Amino acid sequence: MTRIIRGYIARRRRTKIRLFAASFRGAHSRLTRTITQQKIRALVSAHRDRDRQKRDFRRLWILRINAVIRGNRVSHSYSKLIHDLQKKQLFINRKILAQIAISNTNCLYIIFNEIIMK
């Protein structure tokens with residue numbers, strides 16, 4: 001039986017897959033079967049890490065806010081600050097609070113004192 005050479009459709013599909021895996025190393029960028037396995041693995045990792053990234057950034061913002069609050073030897077902790085913000089109905093998200101804490105610490109202290117005084 002003679003060998004049948006596949007048509008241009010299969011070649012197009014393989015080149016599309018190869019373009020996805022162009023930056024991979026070794027056989028992961030050359031062999032079609034390995035490329036497809038690595039593509040599946042890469043897409044799974046990307047899907048998982050999108051959620052992970054949200055978690056990590058939230059942790060980073062909380063750390064920054066807590067560090068600035070405790071750095072000034074204020075009697076409050078992060079959790080008490082967030083609790084007081086919600087009690088006074090000041091809905092500032094953690095990302096913005098962290099940016100204020102880094103760029104303009106005095107502004108954070110003003111917010112903090114307004115919460116305590118009221």
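Reader: So buried means under 20% relative accessible area, exposed over 50%, and partly exposed in between, with a 1.4 Å probe and protein chains only. Is Ser-77 buried or exposed?

Author: Ser-77 counts as buried, because its relative accessibility is 14%. This is a predicted model, where local features need pLDDT of at least 70 and side-chain atom pairs pLDDT 80 or more, while totals for chains, interfaces and linings use all residues. Residues are numbered from 1 along each chain as its sequence is written, and side-chain values use heavy atoms, without hydrogens or water.

Reader: Where is Ser-77, then?

Author: Ser-77 lies in the loop between helix 2 (32–71) and helix 3. Helices here are DSSP runs (H or I, at least four residues), numbered from the N terminus.

Reader: And what does Ser-77 touch?

Author: Asn-66 and Arg-70 are in contact with Ser-77 (heavy atoms within 4.5 Å). That leaves aside the neighbours of Ser-77 within four places in sequence.

Reader: What is phi of Gln-89 near?

Author: Phi of Gln-89 is near 60 degrees, which is positive, and Gln-89 is not a glycine. Most residues other than glycine have a negative phi.

Reader: OK, helix 2. Which residues in helix 2 are buried?

Author: Thr-34, Ile-35, Ile-65, Val-68 and Ile-69 are buried in helix 2. The buried residues of helix 2 pack against helix 1 (8–20), helix 3, helix 4 and helix 5 (105–117).

Reader: How do helix 2 and helix 4 cross?

Author: Their axes come within 9 Å and cross at roughly 45 degrees. Axes are lines fitted to C-alpha atoms, for helices over the stretch in contact, with angles from 0 to 180 degrees between N-to-C directions. Helix 2 and helix 4 are therefore oblique to each other; under 35 degrees is roughly parallel, over 145 roughly antiparallel, 65 to 115 roughly perpendicular, and the rest oblique.

Reader: Which residues of helix 2 and helix 4 meet?

Author: On the helix 2 side, Arg-58, Trp-61, Ile-62, Arg-64, Ile-65 and Val-68. They meet Arg-94, Lys-95, Leu-97, Ala-98, Ala-101 and Ile-102 of helix 4.

Reader: And at what angle do helix 4 and helix 5 pack?

Author: About 125 degrees, with the axes of helix 4 and helix 5 5 Å apart. That makes helix 4 oblique to helix 5. Leu-97, Ile-100, Ala-101, Ile-102 and Ser-103 of helix 4 meet Thr-105, Cys-107, Leu-108 and Ile-111 of helix 5.

Note on methods. Helices (H or I, at least four residues) and strands (E, at least two) are DSSP runs, numbered from the N terminus.
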